[in-house]
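Thanks for coming. I have one chain to go through today, so please have the sequence and the model open while I talk.

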Amino acid sequence: MDHAEVLSAYDQQIRRDARSDSPGARVERVGAVVRQTGAEYDWNGVHWADVDAATADAVIAEQVRYYTSLGREFEWKLHSHDRPADLADRLRAAGFVPEPPETVLVAEAAELPMEPELPEGVRLMAVTDAAGVRLMADAHEVAFGEDGSGLSERLSKRVLTQLTETPDTIVAVVAMAGGEPVSSARMEFYPGTDFAGLWGGGTAPQWRGKGIYRALVAHRARIAAERGCRYLQVDASDDSRPILQRLGFVPLSVTTPYVYTP
């Protein structure tokens, strides 16, 4: 894989030419900025900003004014190769708070393992309706505890809206141990691009280390390859990054969510 070529495609297709990831949200290009605005449960934030040392502070201030006027918390999705080099410092000075960084990993879908290998007693169930989304939320809360409950509610609304209104853009799955959801994940397609994104995969503590996360990746890789998707992209935590790299994913950049709360 040509790192520079794939990074350029990622920046162009996923960030500069970003499309709404929810039926209720819109992406707009305002001056140097590509940003998304949606409901409270949607992702609100800046995908891309073509700024330099002379323009960055004014552009940051304008985004703060815009989202504050809407009463929206928003995220500036900073990547390690973004410019200017001190953009992170400028965001912090403007009141943004960084969340833990994640490694942007990419793999060619057709080169990944595609046969899920699940522990005994665990099966994968496709999520297509409200009942399945509820199981996904339950799995998320089991994996992350009470701290994840608010996020689970927001994700549930967003996923259900996508499944209902734009079902071709999302694949969702939950891992069931008997009647209990123990992990869940989704894949989002970006029509007109070479990429699909893998999200989720958090697993209940007692089921970790048994291959469920790898099985969820394989399940989605097979679907992506069948649909002709070239690359799979993951914003990986430090927990999932080693697993994904062993499967064939390679680092592309590092992304840090900088969050501003009005």
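A word on terms first: helices (H or I, at least four residues) and strands (E, at least two) are DSSP runs, numbered from the N terminus. By that count the chain has 7 helices and 12 strands.

Now the ground rules. This is a predicted model, in which local features need pLDDT of at least 70 and side-chain atom pairs count only at pLDDT 80 or more, while totals for chains, interfaces and linings use all residues. Residues are numbered from 1 along each chain as its sequence is written, and side-chain values use heavy atoms, with hydrogens and water left out.

Overall dimensions next. The radius of gyration is taken over C-alpha atoms, and the globule rule is 2.2 Å times the number of residues to the power 0.38. For 262 residues a compact globule would come out near 18 Å, and the chain has 18 Å, so the two agree. Along the principal axes, the C-alpha atoms fill a box of roughly 60 × 40 × 30 Å.

Of the 262 residues, 52% count as buried. Areas come from the Shrake-Rupley method with a 1.4 Å probe, and for residues only the protein chains shown count as cover. The chain exposes about 12,300 Å², and carbon and sulfur atoms supply 50% of that.

A contact means heavy atoms within 4.5 Å. Taking contacts with a separation of 6 or more, 69% are between residues 24 or more positions apart.

Charges, briefly. Lys and Arg count as positive, Asp and Glu as negative, and His and the chain ends are not counted. Each charge is placed at NZ of Lys, CZ of Arg, CG of Asp or CD of Glu. There are 27 positive and 39 negative side chains, and the centres of the two sets lie 0 Å apart.

Now the interior. A nonpolar core here is a set of buried Ala, Val, Leu, Ile, Met, Phe, Trp, Tyr and Cys residues joined through side-chain atoms within 4.5 Å. The largest one has 22 residues, and the members touching the most others are Met187, Phe189, Leu198, Val217, Leu232, Leu244 and Phe249. At least two residues each come from β6 (102-108), β9 (180-189), β10 (195-203), α6 (212-226), β11 (231-236) and α7 (241-247). Which element gives the most to this core? That is α6, with 5 residues. Another core, of 19 residues, lies apart from it and includes Ala49, Tyr66, Tyr258 and Tyr260.

Take Leu232 as an example. Beyond four places in sequence, Leu232 touches residues including Leu105, Val106, Met187, Leu198, Ala221 and Phe249.

Leu247 is in helix α7 and counts as buried because its relative accessibility is 18%. Its contacts, leaving aside neighbours within four places, are Leu112, Pro113, Arg214 and Val217. Leu247 and Pro113 are 134 residues apart along the chain, with their C-alpha atoms separated by 7.2 Å.

Is Gly45 buried or exposed? Gly45 is buried, at a relative accessible area of 0%, and it lies in strand β3 (residues 45-49). Outside four places in sequence, Gly45 is in contact with Val34, Arg35, Gln36, Tyr67, Phe74 and Glu75.

Asp50 sits in the loop between β3 and α2 (56-70) and is exposed, with a relative accessible area of 52%. From C-alpha to C-alpha, Asp50 and Met187 are 28 Å apart.

Last, the loop between β4 (74-79) and α3 (87-93), which holds Pro84. A cis peptide bond joins Arg83 and Pro84, with omega about 0°. As background, most peptide bonds are trans. His81 is found in that loop too, and is partly exposed at 22%. Leaving out neighbours within four places, His81 is in contact with Leu7, Asp11, Arg15 and Ser253. The C-alpha atoms of His81 and Arg186 are separated by 27 Å.

Note on methods
Buried < 20%, exposed > 50% of the residue type's maximum accessible area, 1.4 Å probe, protein only.
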